[in-house]
Amino acid sequence: MFLPENGLILGTGGANSLAALEEAVVASETTLVTVALRRVDAAGPGLLPMLDRLGVRVLPNTAGCYTSGDAVKTAQMAREAFETDLIKLEVIGDERTLLPDGVELLKAAEILVADGFTVLPYTSDDPILARRLADAGCAAVMPAGSPIGSGLGISNPHHIELIVQGVDVPVVLDAGIGTASDAALAMELGCDAVLIASAITRSDDPAAMAAAMRHAVTAGRLARAAGRIPRRFHALASTQDDGIAEW
Amino acid sequence: MKLTINGQTQDRSGTCSVATLVAEIIAAQRGVAVAVNGTVVPRSAWGRVDLADGDRIEVLTAAQGG
């Protein structure tokens, strides 16, 4: 299984320094972190050696791609660079929302699946598109809770639940998580993992937030497995009336 | 010959393989991928592929990103 056992994938974008990022990776206890692919002069040194030293696996992404063609090329470069078939497939629709372009995304997913990749698409919270991606052979689907970096949490929990019910592959809540309760909610809704970057890397204390997210994911997963009580419109006493004193 | 390497043009004389070029640009080998004119060149072929006048080369590596 490519997903970390603890259900937390760390995105490496947004960290102030490699040292802060390293502390966050350690505190998250994850085994899988995302990386982007950029020209060597712009990328800066040290990231990959640090991740190798920590023994975490790399999940390359196609961040910054707006067409299926660009995303496919980037994925092929990532496979060559990191010797992994895993790819977080991102095909963005516009700069303002950074939301996925579903048409280009599905096209790229089909090409990459046929080319032997383990495709993890960053998708919208549309249950039908998620199903189409799963049907196309994607190894998981990664719906956005809300736009990347927004910290708005899960805007449409019902759609996330529908996605969980509608596909047979793992569901990873990707994008939009702002704080620990959002991560717990994702797991309570039935997601198999969450992918968090900004909420950790751009917090005041990334290592502390990474630990908070780790605990939240565990709590949400345990709560989901335990089975929450149904919601009701009126109270249901938890203390029996039998034996109550008469005054 | 004129090469465009990561968007910068460079004039070179003599032959130059992908492997030679990569070694000049970056010390690490792991985590590096190369495309010539939009086509990925597998690492195993770097030594065999000579660059030609007008080639556009992209040399990419890991960067922070979600």
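Visitor: How many residue pairs are in polar contact between chain B and chain A?
Guide: This is a predicted model: local features need pLDDT of at least 70, side-chain atom pairs count only at pLDDT 80 or more, and totals for chains, interfaces and linings use all residues. Residues are numbered from 1 along each chain as its sequence is written, chains are lettered from A and ligands numbered from 1 in the order in which they are written, and side-chain values use heavy atoms, with hydrogens and water left out. A polar contact is a pair of N or O atoms within 3.5 Å; within protein, one must be able to donate a hydrogen and the other to accept it, and residues adjacent in sequence count only if both atoms are side-chain atoms. Between chain B and chain A, with both residues at pLDDT 80 or more, the count is twelve.

Visitor: Which element gives the most to the side of chain B that touches chain A?
Guide: Elements here are DSSP runs numbered from the N terminus: helices (H or I, at least four residues) and strands (E, at least two). In chain B, strand S3 (32–36), strand S4 (39–41) and strand S5 (56–63) give two or more residues to that side. The most, six residues, comes from S5(B).

Visitor: Which strand of chain A pairs with S5(B)?
Guide: Two strands pair if DSSP finds at least two bridges between them. Here there are four bridges, in the antiparallel sense. A:Arg39 stands opposite B:Leu60. The partner of S5(B) is strand S2 (residues 32–39) of chain A.

Visitor: What area do chain B and chain A bury between them?
Guide: Contact (heavy atoms within 4.5 Å) joins 24 residues of chain B to 32 residues of chain A. Buried area is the accessible area (1.4 Å probe) that two parts lose on being put together, summed over both. Carbon and sulfur atoms carry 57% of it, and the total is about 2300 Å².

Visitor: Which residues of chain B lose the most area to chain A?
Guide: Three residues together account for 30% of what the chain B side buries. They are B:Arg30, B:Gln64 and B:Gly66.

Visitor: Which residue meets B:Arg30 in a salt bridge?
Guide: B:Arg30 lies in the loop between helix H1 (18–25) and S3 of chain B, and touches A:Leu48, A:Ala81 and A:Phe82, among others. A salt bridge is a side-chain nitrogen of Lys or Arg within 4 Å of a carboxyl oxygen of Asp or Glu. Chain B and chain A share two. In one of them, at 2.8 Å from N to O, the side chain of B:Arg30 meets that of A:Asp52.

Visitor: Is B:Arg30 buried, exposed or partly exposed?
Guide: Buried means under 20% relative accessible area, exposed over 50%, partly exposed in between (1.4 Å probe, protein chains only). B:Arg30 has 34%, so this residue is partly exposed.

Visitor: Which backbone nitrogen does the side chain of A:Thr12 reach?
Guide: A:Thr12 lies in the loop between strand S1 (8–11) and helix H1 (18–28) of chain A. Its relative accessibility is 0%, so A:Thr12 counts as buried. A polar atom of its side chain lies 2.8 Å from the backbone oxygen of A:Thr34. At 3.0 Å, the A:Thr12 side chain also reaches the backbone nitrogen of B:Gly65.

Visitor: Which residue with positive phi follows H8(A)?
Guide: Helix H8 (residues 180–188) of chain A has buried residues including A:Asp182 and A:Met187. Their cover includes strand S7 (172–174), strand S8 (193–196) and helix H10 (206–226) of chain A. After H8(A), phi is near 110° at A:Gly190.

Conventions: Lists of a residue's contacts leave out its neighbours within four places in sequence.
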